[in-house]
Amino acid sequence: MPVPDEQSAPFWAAAAEHVLVLARCSRCGDFNHPPDLTCPHCGSTDPAFVFTPVDGTGTIRSWTVMRQSFLPGFEEPFVLVDVELQAQGDLRMIGRLVDGPDAAINVGSAVSIVFEDIAPRVSVPAFTLSPNP
């Protein structure tokens, strides 16, 4: 179960509503995920992050098949994908691919965000392969 802290609480509250929000620096406007104490883009030590909705589409940069889970609730095997989100170049997010380990996964495959409900009012962002246009 996620344990939100002061910085991540807006992210998890939005995820519970099946909305992907990411921290945006109020100084330079770039997204940061996860947010930190400083903005890695402009160096501001007071980034005053604002959580902004993004559509959650992107492309797979890499993936791995997990055959042993270190967290309860994950059935093996499962796939973790490293996704570059379209909202901003080099904005990356890691999540589970709900299509499973037998899916036709390639570097550059299009994905979109989905949410897995793991408890009442607790949802975790994940990804699914998008159909080819």
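**Backbone and domain contact**

User: Where is histidine 18 found?

Analyst: This is a predicted model. Phi of histidine 18 is near 60 degrees, a positive value in a residue other than glycine. Most residues other than glycine have a negative phi. As for its place, histidine 18 sits in the loop between α1 and β1 (21-24).

User: Which residues in domain 1 lose the most area to domain 2?

Analyst: Start with the bounds: domain 1 covers 1-54 and domain 2 covers 55-133. Between them, domain 1 and domain 2 bury about 1400 Å², with 69% of it on carbon and sulfur atoms. Three residues together make up 33% of what the domain 1 side buries: His18, Leu20 and Val54.

User: How many residues does each domain bring to the contact?

Analyst: The centres of domain 1 and domain 2, taken over C-alpha atoms, are 19 Å apart. The contact takes 18 residues from domain 2 and, from domain 1, 16 residues.

User: Which residue forms a salt bridge with arginine 121?

Analyst: The rule finds one salt bridge across the interface of domain 1 and domain 2. The cut-off is 4 Å from a side-chain nitrogen of Lys or Arg to a carboxyl oxygen of Asp or Glu. For arginine 121 the closest N and O atoms are 2.5 Å apart, and the partner is glutamate 17.

User: Which element gives the largest share of the side of domain 1 that touches domain 2?

Analyst: Five residue pairs are in polar contact between domain 1 and domain 2. The largest share of the domain 1 side is four residues, and they come from helix α1 (residues 9-16).

User: How many residues of each class are on that side of domain 1?

Analyst: The classes are nonpolar, polar and charged. On the side of domain 1 that touches domain 2, the counts are two charged, three polar and 11 nonpolar residues.

User: What is omega for the peptide bond from histidine 33 to proline 34?

Analyst: Proline 34 lies in the loop between β2 (31-32) and β3 (50-53). Most peptide bonds are trans. The bond from histidine 33 to proline 34 is cis, with omega near -10 degrees.

User: In the hairpin of β5 and β6, which residue takes a positive phi?

Analyst: Strands β5 (residues 78-85) and β6 (residues 92-97) pair in the antiparallel sense over six bridges. Glutamate 84 stands opposite arginine 92 in β6. The hairpin has six residues between the strands. The positive phi, near 65 degrees, belongs to aspartate 90.

Note on methods:
Residues are numbered from 1 along each chain as its sequence is written. This is a predicted model: local features need pLDDT of at least 70, side-chain atom pairs count only at pLDDT 80 or more; totals for chains, interfaces and linings use all residues. Side-chain values use heavy atoms; hydrogens and water are left out. Two strands pair if DSSP finds at least two bridges between them. Helices (H or I, at least four residues) and strands (E, at least two) are DSSP runs, numbered from the N terminus. Domain bounds come from an automatic or database domain assignment. Contact means heavy atoms within 4.5 Å. Buried area is the accessible area (1.4 Å probe) that two parts lose on being put together, summed over both. A polar contact is a pair of N or O atoms within 3.5 Å; within protein, one must be able to donate a hydrogen and the other to accept it, and residues adjacent in sequence count only if both atoms are side-chain atoms. Ala, Val, Leu, Ile, Met, Phe, Trp, Tyr, Cys and Pro count as nonpolar, Asp, Glu, Lys and Arg as charged, and the others, Gly among them, as polar.
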